[in-house]
Amino acid sequence: TTGSWRSANDDRVLFGSDAAWNAYQNNHWINFDDLTMQDSFFNSHNVTATGGNDRTTARMSVGYYGNKAHYKEGKSERYTLRANIDHKVHDWITTGMVTQLTHNVRHNSPYQGLTSDVSNRVGSGIELGQAYDSNGNVNRYPLGDSDYINPLVNGTYDYSKVNERQGTNIMANGYINLTPIAGLSLRTSLSANFEFERTGKY
């Protein structure tokens, strides 16, 4: 458009299509940040139980952590289970075990990163056009078939996008502690760690 614009009468040359020009004249703007983002918050809960006697002590805890992401339909959850037991076999022999299971589920928002695509086009998360038609349905092409695809289609039924990741971690650590004489302590331990992960994208 260099050299093509001389006055307000030449404003049309600043737009790539008649549809974009008409949307501008009709003040049809879409703020994709407002349409795809949400307030983010988290919640955390833990319950612990302990017990035992003069020779054995045990402790068990369960926990939950949930996080609602900045983008709509995005969230992550974590479930934990932990158990500890210590037992005094003899005055100089102590043994015990710690086990923990953690399960994570993460739902990535279908909108995450899409507003940045819009930002790369126009310098912000705002674009010309109409996000929805008169019936409230998502416009696949906010400016008509000749222009950009509405990033909101990724959240609709016909164009749904799922990106889910699940993972489970199991950890076990056992030990034996020997104190044969005063001032001398010997300890041996054995640890095992297992991880399972699954990712689904479609």
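Modeller: A word on terms to begin: helices (H or I, at least four residues) and strands (E, at least two) are DSSP runs, numbered from the N terminus. This is a predicted model, in which local features need pLDDT of at least 70 and side-chain atom pairs count only at pLDDT 80 or more, while totals for chains, interfaces and linings use all residues. Residues are numbered from 1 along each chain as its sequence is written, and side-chain values use heavy atoms, with hydrogens and water left out.

Biologist: Fine, and where does Leu-101 sit?

Modeller: Leu-101 lies in strand S5, and it is partly exposed because its relative accessible area is 34%, where buried means under 20%, exposed over 50% and partly exposed in between, with a 1.4 Å probe and protein chains only.

Biologist: Which residues make the nonpolar surface patch?

Modeller: Leu-101 is one of them, together with Val-47, Met-60, Val-62, Leu-81, Ile-170, Phe-194 and Phe-196, and the patch comes to about 710 Å². The areas come from the Shrake-Rupley method with a 1.4 Å probe, and for residues only the protein chains shown count as cover.

Biologist: Which strands each supply at least two residues of it?

Modeller: Those are strand S3 (56–68) and strand S8 (184–201).

Biologist: Changing topic, is Tyr-111 buried or exposed?

Modeller: Tyr-111 counts as buried because its relative accessibility is 8%, and it lies in the loop between strand S5 (93–108) and helix H3 (114–122).

Biologist: What does Tyr-111 touch?

Modeller: Not counting residues up to four places away in sequence, Tyr-111 touches Thr-36, Tyr-71, Lys-72, Glu-73, Pro-151, Leu-152 and Gly-155, where contact means heavy atoms within 4.5 Å.

Biologist: And in helix H1, which residues are buried?

Modeller: In H1 (residues 18–25) they are Ala-20, Trp-21 and Ala-23. They cover an arc of only 160° around the axis, taken from the directions from the helix axis to the C-beta atoms, which puts them on the same side of H1.

Biologist: What happens just after H1?

Modeller: Asn-27 takes a positive phi of about 60° there.

Biologist: Last one, how many helices and strands are there in the chain?

Modeller: The chain has three helices and eight strands, and 23% of its 202 residues count as buried.

Note on methods
Patch = residues over 30% accessible without salt bridge, like charges linked within 9 Å, V, L, I, M, F, W, Y side chains within 5 Å. Salt bridge = Lys/Arg side-chain N within 4 Å of Asp/Glu carboxyl O.
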